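Welcome! Below is a short tour of a structure that may be new to you, laid out topic by topic.

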Amino acid sequence: MNTTIMLFLVQDGITNGAIYALLGLALVLVFAVTRVILIPQGEFVTYGALTYASLAAGQMPGTAKLALALGIGAFAFDLFVARRALHARLVVRSFITNIVLPSIVLALTLYFAAQKPPVPVCIALSLVIVAMIGLYLYRIAFQPLAHTSVLVLLIASVGVHLALQGLGLLFFGAEGQRGPAVLSGAFTAGALRFTGQSITVYAITIAFIVALWLFFGLTLYGKALRATAVNRLGARLAGIRTTLSGQIAFLLASVIGALSGIMIVPITTLYYDSGFLIGLKGFVAAIIGGLVSYPLTAAAALVVGIVEAFSSFYASNYKEVIVFMLLIPVLLLRSLAAPAVEEEKD
Amino acid sequence: MQSRLPILVFAALMAAIPFVPGMPPFWIVLLDNIGLAALVAMGLVLLTGVGGLTSFGQAAFVGFGAYTTAVLSTAYGLSPWLTLPLSLVVSGSLAVLLGLITVRLSGHYLPLGTLAWGLGLFYLFSKLEFLGRNDGISAIPPLSIGAFKMLSPGSIYYAIWVAVIVSALLTMNLLDSRTGRAIRALRRGHVAAEAFGVHTPRAKLLVFIHAAVLAGLSGWLYAHLQRAVNPTPFGAQAGIEYLFIAVVGGAGYVWGGVLGAAIVVVLKEVLQSYLPLILPGSGQVETIVFGIMLVALLQLAPGGLWPWLISFLPERTGGRKPDTSLKLEHRARTVGESGVLLQVEKARKQFGGVVAVNNVSFDVQAREIVALIGPNGAGKSTTFNLITGVLSATSGSISVLGRKVDNAPPQEIVKLGISRTFQHVKLVPDMTVLENVAIGAHLRGHSGPISSMLRLDRADEAKLLAEAARQIERVGLAEQMHQLAGSLSLGQQRIVEIARALCVDPMLLLLDEPAAGLRHMEKQRLATLLRDLRDGGMSVLLVEHDMGFVMNLADRIVVLDFGTKIAEGTPATIKTNPEVIKAYLGVAA
């Protein structure tokens, strides 16, 4: 085999793998804190990417309106839950986070969309919009189910995925879109050509992994999240608001998803339904990482990306088969290495 | 367990539907689809709702069933009736293969693992040449009986619903049997079930195969209904959809699967045909509404709709008391169950740097009550776990009747006649007391899954239940026999555990804090029971914190502190032992 081709495939695999790593990290995070297996993670990716691409093309993305609509829903849920003891402070706070904030963002989006905003503005708006969607989704769909089993949460997660995917088609149409590069320019090193975009992908992935590591290791909120992950009841008794932990987890997951989307949409054309598969490959990485370990997930994601790159070169027909079947030996090894000592959890 | 009348009524109703004058043919198509989905969902009910194993991969098994018959009946011209067993065998044997890999996965790996191979197989279906790649296989012959060809949705309707009702009956029969109880115990963790001889990986594999065969049956019917197959209906989306059919209907209930299928199929159809009229426009509005309704439904009824519906029915109280005159054969005895029953020699258990049990030695003789006492964290429950094979010892040896049983699995220990209760009660809360106790007699029954499904197990089953009822009466809970175990007080649940342990017909009973949570009178009754058992030839090893209870009951006491044995002797000598007093009170008296 040709060394150049091999290097090229490895490079390609690492770029994709970096994205899967980010998504895998987000999935692990959300699962650990809320027990939700976040199938809509893929939608965060496409929403981020397509919102960014639409804005850059001077179109008004429907996601901004969705954020406001979900915000209104979240506000209604807040009011309904607190209906017996409505404090002014609570109402005002909920009103600001759920109604005022998305309204302002919607106004800004309307203003900017008309005039083909510069790339940084597009990125900022897309991130904020998707972050709000993630936050409100948790409030509306998952927080009322927080006490139920993993299975019920999973099915709810599927419901959210279906609804978001349908909305994606409504907002962005069936046509695929591409966005402008975040960082243009390129340089070559030996046989390899590094684009500004791929450098951005590496840099942001590494930055995020380090940031998450610092967040969980050093900050109080990070520790609170970890505590919630280990023992919900214990965390509550220690005064940690588990709903807050859930909100933070979803917020982070949606930001990570949107960011991943923004990073890949200049490289590959994304469709409204591309997110599912991308998210699933993040899943594969997350499972290999055991849904608990961040560094392992990141490493696994790189492997997934590289395997994918090689199999799409040698057996492109069987690319997906190979990637998903990659899991079976890993799972086998895992179950042989650590026979499950599970206790009843219901 | 349940009266068959409602099922007969339901079957008659379903049989009559096509004869209703003016019945739109389209409704029959819907009912066909409901039946097909219900078959798969029923398997998932057993797998997920009852057995606690979540699978996203069921659509792949539907695909195996459909493709098997498609290939064999088109390329090789086999009769569809011949391909039926082959379809089921293919689904079933691939389930064995995939099951061997995946059912060992614990917790959340399992659903994700099934999702992964579900996806992989979907892509495989769409890439393989002999399966027709993305186009699939068409011109599949219809089912036929003699000259009668089931070409219309109305004619295959009966084949589908006969399959659904028969499968439901078989599945319910299976659940209401020796094997069924083992399956129902899976969801609550495997430790308790294994302590009574249930081979949990095998039980898991069994439900996995059962669900796959039902899915394969659905696939076979699907292929002959559509008379064409392509990969689309066997993808991950479909696998997810089957799962939420089961959850929406009520994942723990066989009929919940049918109800869920009806709801989801009808809902999708209604949304698809009427929503565009209300909300015109491009896009999959129906998917959006469907997703939202799914979340809303879960928030309103997280347990599914079937249990919500039957909660409106008048509660059926009581059940038939088993005929206790039936005798169950005794456990196969080893010769000479006398002398030293259990010998623990320098048993040691380390968890990392922590020595939980430090070279502890003691024995239990025949017809003897030995108490294992010590402050919290002394290693008493760990010692129990070492004896019963739940944990394996780091070093040292444990012998039963003079034979070393080092690190034998729990299923083997119980065969030697050692049965136990747990410090943290491990009953299946949604099973009745009788059913829970009958798990104890698991090894004394013989009926397998097939005979249970066909109801050939009734003689065996009646004896098991009779034995369970006898033991329940013996411990004084006859009144609660048909109540759900979860509805009993904690103290009573401990007593239920003792009855379950007695069902083993043990020579040595290991009781982990049996008196905790009991009232004074109940403790006295327990003490009397244990003395009776000893006088009847059984030995008892118990861990207990109630000193009054222990001192009055035990023949001999072993005291542990920080994993080390500090004293052994009769209650009188232990009471005055300075080491013991120091361990409990912290000062030398």
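B:Glu513 sits in the loop between strand 9 and helix 20 (520-535) of chain B; helices (H or I, at least four residues) and strands (E, at least two) are DSSP runs, numbered from the N terminus. B:Glu513 is not a glycine, yet its phi is positive, near 50°. With 18 C-beta neighbours inside 10 Å, B:Glu513 counts as partly exposed; a residue is buried if 20 or more other C-beta atoms lie within 10 Å of its own, exposed if 12 or fewer, and partly exposed in between, with C-beta atoms placed from the backbone.

This is a predicted model, in which local features need pLDDT of at least 70 and side-chain atom pairs count only at pLDDT 80 or more, while totals for chains, interfaces and linings use all residues. Residues are numbered from 1 along each chain as its sequence is written, and chains are lettered from A and ligands numbered from 1 in the order in which they are written.

**The sheet around strand 9**

- Strand 9 (residues 508-512) of chain B pairs with strand 10 (residues 539-543) of chain B in the parallel sense, over five bridges; two strands pair if DSSP finds at least two bridges between them.
- Within this pairing, B:Leu510 is found opposite B:Leu541 of strand 10 of chain B.
- An open sheet of six strands in chain B has the order 8-9-10-5-11-12, and its pairing is mixed.
- Its edge strands, each pairing on one side only, are strand 8 (418-420) and strand 12 (564-569) of chain B.
- On average, neighbouring strands of this sheet are turned by 15° against each other, direction ignored.
- Helix 14 (residues 380-387) of chain B lies across strand 5 (369-373), strand 8, strand 9, strand 10 and strand 11 (556-561) of chain B, and runs at about 145° to strand 9 of chain B. Axes here are lines fitted to C-alpha atoms, for helices over the stretch in contact, and angles run from 0 to 180 degrees between N-to-C directions.
- Helix 23 (residues 578-585) of chain B also packs on the sheet, where it touches strand 11 and strand 12 of chain B, and its direction makes about 130° with that of strand 12 of chain B.

- Strand 3 (residues 340-351) and strand 6 (residues 395-400) of chain B are antiparallel partners over five bridges.
- B:Glu345 faces B:Ser397 of strand 6 of chain B across this pairing.
- Strand 3 of chain B also holds B:Lys346, a residue with a positive phi of about 50° although it is not a glycine.
- B:Lys346 has 14 C-beta neighbours inside 10 Å, so it counts as partly exposed.
- Strand 6 of chain B is joined by two bridges to strand 7 (residues 403-404) of chain B, and the two run antiparallel.
- B:Val400 has B:Arg403, in strand 7 of chain B, as its bridge partner.
- The hairpin of strand 6 and strand 7 of chain B has two residues between the strands, and B:Leu401 takes a positive phi near 50° there.

**Chain B as a whole**

- Chain B has 23 helices and 12 strands, and its C-alpha trace spans about 90 × 50 × 50 Å along its principal axes.
- Of its 589 residues, 52% count as buried.
- The domain assignment gives chain B domain 1 (26-310), domain 2 (338-417 + 506-589) and domain 3 (425-505); such bounds come from an automatic or database domain assignment.
- The C-alpha centres of domain 1 and domain 2 of chain B are 49 Å apart.
- Six residues of domain 1 of chain B are in contact with six residues of domain 2 of chain B; two residues are in contact if their C-beta atoms, placed from the backbone, lie within 7 Å.

**Where chains A and B meet**

- Contacts link 41 residues of chain A with 40 residues of chain B.
- Helix 6 of chain A gives the most to the side of chain A that touches chain B, with 16 residues.
- A:Ile155 is in contact with B:Leu243, B:Phe244, B:Val247, B:Leu294 and B:Leu298, leaving aside its neighbours within four places in sequence.
- A:Ile155 is also among the residues with the most contacts inside the largest nonpolar core, which has 301 residues. A nonpolar core is a set of buried Ala, Val, Leu, Ile, Met, Phe, Trp, Tyr and Cys residues joined through C-beta atoms within 7 Å.
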